[in-house]
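Here's a quick tour of one metal site and one stretch of chain. Have the model open while you read.

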Amino acid sequence: MDIQVLGAHNCEWQKTRLISLLIDDVLAIDAGALTSSLSLEAQQKIKALLLTHQHYDHIKDVPTIAMNLFLSGATIKVYTITPVHDALTRHLLNDELYPDFRQQPASNPTVRFTIIEPHQTEHIEGYTVLAVPVNHSVPTVGYQVTSADGQAVFYTGDTGPGLANCWRHVSPQLLIIEVTASDRYTEWAADAGHLTPGLLKQELQSFGEVNGYLPRVVVVHMNPALEEEIAAEIVALAEALGSSITLGYAGMQISL
Ligand SMILES: [Zn+2]
Ligand SMILES: [Zn+2]
């Protein structure tokens, strides 16, 4: 399994892109950077898109990739939970801001939605996909994606602390987890449903207690303004836990 980090941040600047991952060129998770980072040919290769939640940094490129695929006669399957489907179709793909690509072209609509139920295994494009609820300010699921040869990645989406129940359902070799702010924002992060390096430490200890090991960890969704602080705190955390914990970045490639 080859994982590309297309975007690794929660804010878009000249050199940072919004959160988006791509597995083996065909399965994308979150749509913060699908069109800004990929050629048209690469966009056309994507067969399925999983969305964790409705916040704009995670769905920004749904209408723009749909437009590109519509114009080139390609299609994409979008898998997500009901609240995300409802928000997207109410506010973006509504024939007011963007065409309703669920209906167009009538002969072969560009976007086909499938509602995902948490804790129910789905088979998508040759992968086994499990959606697991996490703790954010709106309904949010993380996704564990397992390849045919048994390699698994779990991406949390946006989440605050308290993931012990989530950890009971996943056992990835690679954990891609959010750390939005540095430790001086711990109180804010816990309230807003985000993590800091200190809060991540507690969650990783919880993961270890539940699963008996620690996976390789890649941190994403950093606020670029806080990235230097976060990076220093993550280095200290990796040393303290004796574990591989690194910051993701746009263009990062990980092979499992
Ligand atoms: Zn969010
Ligand atoms: Zn976000």
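The 4 donor atoms around the zinc ion (ligand 2) subtend angles of 89 to 173°, so the arrangement is irregular. Four donors count as tetrahedral if all angles lie between 85 and 135 degrees; four count as square planar and six as octahedral if opposite donors are over 155 degrees apart and all others between 65 and 115; anything else is irregular. Helices (H or I, at least four residues) and strands (E, at least two) are DSSP runs, numbered from the N terminus.

The protein donors are Asp57 (OD), His58 (NE2), Asp158 (OD) and His221 (NE2), 2.1 to 2.2 Å from the zinc ion (ligand 2). Donors here are N, O and S atoms within 2.8 Å of the metal (3.2 Å for Na, K and Ca); water is not among the atoms, so sites may look incomplete. Asp158 also coordinates the zinc ion (ligand 1), 3.5 Å from ligand 2.

## About the model

This is a predicted model, where local features need pLDDT of at least 70 and side-chain atom pairs count only at pLDDT 80 or more, while totals for chains, interfaces and linings use all residues. Residues are numbered from 1 along each chain as written, chains are lettered from A and ligands numbered from 1 in the order written, and side-chain values use heavy atoms, leaving out hydrogens and water.

## Strand 9

Val145 lies in strand 9 (residues 141–146) and is buried, at a relative accessible area of 0%. Buried means under 20% relative accessible area, exposed over 50%, partly exposed in between (1.4 Å probe, protein chains only).
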